[in-house]
Amino acid sequence: MLGFMYSVIRRDLLLVMRHPAEMVNPLVFFVLVIALFPMGVSPEASLLSQTAAGVVWVAALLATLLSLDILFKADYADGSLEQLLLTSHPAWALVIAKVIVHWLVSGLPLVIMSPLVATMLFLPADAIPTLLLGLLIGTPTLSLFGAVGAALVTGVKSGGMLISLLVLPLYIPVLLFGTGAVAAAVLGMPVGGYMAYLGAMLVFALMVTPWAAATALKVGQMQG
Amino acid sequence: MPSTMPDILLQALDLACERDERMLFKGLNLTVKAGEIWHIKGPNGAGKTSLLRQIAGLLPIFQGNVSFPLDQSILYIGHKSAIKDQLSANENLAWLTALGVPSDENQRYRALEKVGLRGYEETMSAQLSAGQRRRVALARLHLNAAPLWLLDEPLTAMDKQGIADEQAWFADHLKQGGAIVLTSHQDLDIPGVQILDLHAAMETASC
């Protein structure tokens, strides 16, 4: 089964490398939103530093949301998905492999860029490790919840909007605790509680979403 | 005495299929033994693909059941060939075989040579013609030990020579004790081919 997951991950990373636009798109969106925000609102440092955490988190969330549509779509369209589901390996292993690739491609680059863009928004340097850690725990959760939405709409022609509707409510708690942690760090308060909640959500997502997305994929395939 | 009887690889009993509230077929029985090739015929929309997908487990079964007495592995090649544009022929075969029994590069090169794609091993699939892409998908026939093949329209997009070659591969597989169920609009030139006409089956059922 690990061999199966490895081969799916290898294949998908190879596909991304051949088609790097898919990887760059969410990142460009993320950086653009954050770069445009001070121009639209106000370049004043005191105002920006207050809103920095929220802006970074919202941009990360929307960038993830934008990249979800392609998670299973290409595999569904060219018949790869039915081959992947016909194997003797469990479908949740396929979901986990796809989510790992999705996070490596769309989540991890955002996490790596976040200290830079946070500095651009005058976020106090003390709070940056908290932002980084929060995103590091939070973005895999976003990818996992997103996989359920993407799996549910695989057979639907224009499912992009539908994914947002399905997934956004699940993203709100991650957003609240993620920004809450940074706000606490700015005030010099302990952030352990926030991180524990983010971690708990990641564990919950890891337990529930691969199974849910696998079921949704199978049902979607049966309709097609 | 029992040892001389060919093994039953697939048994479908009283199978029915309904798509969009239309009954495509019902009361369908099919027994596929080792060494047999079944050609599913019928006009467009008769349910040929649906029947294959039901057997493969890709469509729900409304009525009846499908069983595999030997619990053997199956190779299903659908109408959508699962070939990725951005991967070469060799890379496509690598991931497709890794789903079952992984293959090494020598085996894949040999399989591609058998399907007439020598020299195209590292060509991106986006640059291959429809028939060549079909051949990449069919190279899986030479890399897979599954005794039962379910092939949806394996002859489309193939040239004359390709169709003749393909039927020779089918005959080889049958000789080795395998079995094949396929759909096609063309007549097959293989001795002993059994025909299941969905259109005719439906007519007699409704009388």
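Guide: Confidence comes before packing. pLDDT is the predictor's confidence in each residue, from 0 to 100. Helices are DSSP runs of H or I, at least four residues, numbered from the N terminus. Chain A as a whole averages 93, with 100% of its residues at 70 or more.

This is a predicted model: local features need pLDDT of at least 70, side-chain atom pairs count only at pLDDT 80 or more, and totals for chains, interfaces and linings use all residues. Residues are numbered from 1 along each chain as its sequence is written, while chains are lettered from A and ligands numbered from 1 in the order in which they are written.

Now the packing. Helix α3 (residues 45-68) of chain A packs on helix α6 (residues 91-120) of chain A at about 155 degrees, with the axes 11 Å apart. Axes are lines fitted to C-alpha atoms over the stretch in contact, and angles run from 0 to 180 degrees between N-to-C directions. The angle therefore makes α3(A) roughly antiparallel to α6(A) (over 145 degrees). The crossing is right-handed: the near helix is turned clockwise from the far one by less than a right angle.

Which residues of α3(A) meet α6(A)? They are Ala52(A), Val56(A), Ala60(A), Ala63(A), Thr64(A) and Ser67(A). Facing them in α6(A) are Ser106(A), Gly107(A), Leu110(A), Ser114(A), Val117(A) and Ala118(A). Contact here means C-beta atoms, placed from the backbone, within 7 Å.

Notes: Helices (H or I, at least four residues) and strands (E, at least two) are DSSP runs, numbered from the N terminus. Angles under 35 degrees count as roughly parallel, over 145 as roughly antiparallel, 65 to 115 as roughly perpendicular and the rest as oblique. Two residues are in contact if their C-beta atoms, placed from the backbone, lie within 7 Å.
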